[in-house]
Amino acid sequence: MADLGPLEDLSGSDLLAEVAVLHRAREEAGVRILRGAAEFAFANGPERFDPRLRIDGDERLVRVGGEGTPEVAEFGPAELAVRLQRSPYAGRLLIADALDLQFRLPRLWERVERLEVRESYARMVARKTRALTREQAGCVDRRVHAYADVDAAIRAADRAAARAREEEAGRRQFAKPTRESADGMHGFYVRAGIAVITRLEATVARLAAVLGDLGHQGNEDERRVLAVLLMAHPAEAVQVLARHARGRRDDADALDTSKLLPTVWLFVHLAVDPRSGRTGDVARVESHGPLTPDWIRSQLGDRARFKITPVLDPLGQAPVDAYEIPDRHR
């Protein structure tokens, strides 16, 4: 590698030239690591084992790559991974990718060696084709070595398996809230077929546009969230669409969203100093984590009814195994 000195001393074309040199060196290093992984696998293959010396529980040969690749000593990938400061699993994947490229995707591997295809792209193809037979992988190799569509090539190579994967994916449909909750916000994730999602997107976009025409002052994202809320209340959505069809430009901000929300129970834990009557710095909504009292006021104050249940603490000994530690205990 050429050494042009510290980068901070370079500018203009010299800096760009150094970046180009570093990029070339990185690409070459990636290819050499793949070659090294394959050579290491060859050196730790069947020739390393003497069947006459085999004992129960001894290291065995395993096939880490796809069909048609040579077997490798079971603990070999871990040895390689240590040198690369990677996990044993990462070492196993590296060897598998290297062997697959040489034995199952030779056209693609040839272009990788000429630095015409990035090794990261080639490894992705190797991983995606690992479950195919060697003949099917060869079909993919002929299609993708010139940058064809990998997923399309895999489906063409084994249509039955592709259809089975599509059917299995079709059974994994759901619509549920996400697990993550922070700062008073939550998500809702829908996984469904293309037709369902396309229809859902079109409906959300249409309702958001209608709300904008009716004068809603929020931004596009806020209107889309309100559109989803309208979809959960079809009767109200129909009224909004009818109002829009009649050409009425009522203030959509006046839409009473409380009518669109189902009745739910939110349990809010809010500490209050009995001497000053002031609330603490943190409130907690069960299943939603800590929030500020200001959030409770702004988000729930105008649209929720509260039932206040005081917690008696006659001895001033509130437990500290949950929520915030009282100042007196600190």
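Asp100 counts as buried, at 0% relative accessibility. In this predicted model, Asp100 forms a salt bridge with Arg130, and the closest N and O atoms are 2.8 Å apart. The pair links distant parts of the chain, with Asp100 in helix 3 and Arg130 in the loop between helix 5 and helix 6, 30 residues apart. Arg130 is likewise buried, with a relative accessible area of 17%, a value that falls under the 20% limit for burial.

A further salt bridge joins the side chains of Asp97 and Arg127, at 3.6 Å from N to O. Asp97 belongs to helix 3 and Arg127 to helix 5, so this pair ties together parts that are 30 residues apart in sequence. Asp97 is buried, with a relative accessible area of 0%, whereas Arg127 is partly exposed at 41%. Asp97, Asp100, Arg127 and Arg130 are members of a network of salt bridges that also includes Arg104 and Arg123.

Across the model, the count of salt bridges comes to 17. One of them is formed by the side chains of Glu168 and Arg171, with an N to O distance of 2.8 Å. Here Glu168 is partly exposed, at 35% relative accessibility, and Arg171 is exposed, with a relative accessible area of 59%.

Nonpolar side chains were examined next. In soluble globular proteins, such side chains tend to be buried together. The largest nonpolar core of the model has 31 residues, and those with the most contacts inside it are Ile95, Leu101, Leu108, Val125 and Val140. Two or more residues of this core are given by each of helix 1, helix 3, helix 4 (106-113), helix 5 (119-128), helix 6 (134-144) and helix 7 (150-157). Helix 3 provides the largest share, 6 residues.

Leu7 is placed in the segment before helix 1 and is partly exposed, with a relative accessible area of 43%.

A search of the whole structure for aromatic pairs finds 2. Phe42 and Phe103 form an edge-to-face pair, with 6.1 Å from centre to centre and 80° between the planes. Phe42 lies in helix 1 (residues 12-43) and Phe103 in helix 3 (residues 88-103), so the pair ties together parts that are 61 residues apart in sequence.

Note on methods. Residues are numbered from 1 along each chain as its sequence is written. This is a predicted model: local features need pLDDT of at least 70, side-chain atom pairs count only at pLDDT 80 or more; totals for chains, interfaces and linings use all residues. Side-chain values use heavy atoms; hydrogens and water are left out. Rings of Phe, Tyr and Trp (its six-membered ring) pair if their centres lie within 6.5 Å; planes under 30 degrees apart count as stacked, over 60 as edge-to-face and the rest as tilted. Helices (H or I, at least four residues) and strands (E, at least two) are DSSP runs, numbered from the N terminus. Buried means under 20% relative accessible area, exposed over 50%, partly exposed in between (1.4 Å probe, protein chains only). A nonpolar core is a set of buried Ala, Val, Leu, Ile, Met, Phe, Trp, Tyr and Cys residues joined through side-chain atoms within 4.5 Å. A salt bridge is a side-chain nitrogen of Lys or Arg within 4 Å of a carboxyl oxygen of Asp or Glu.
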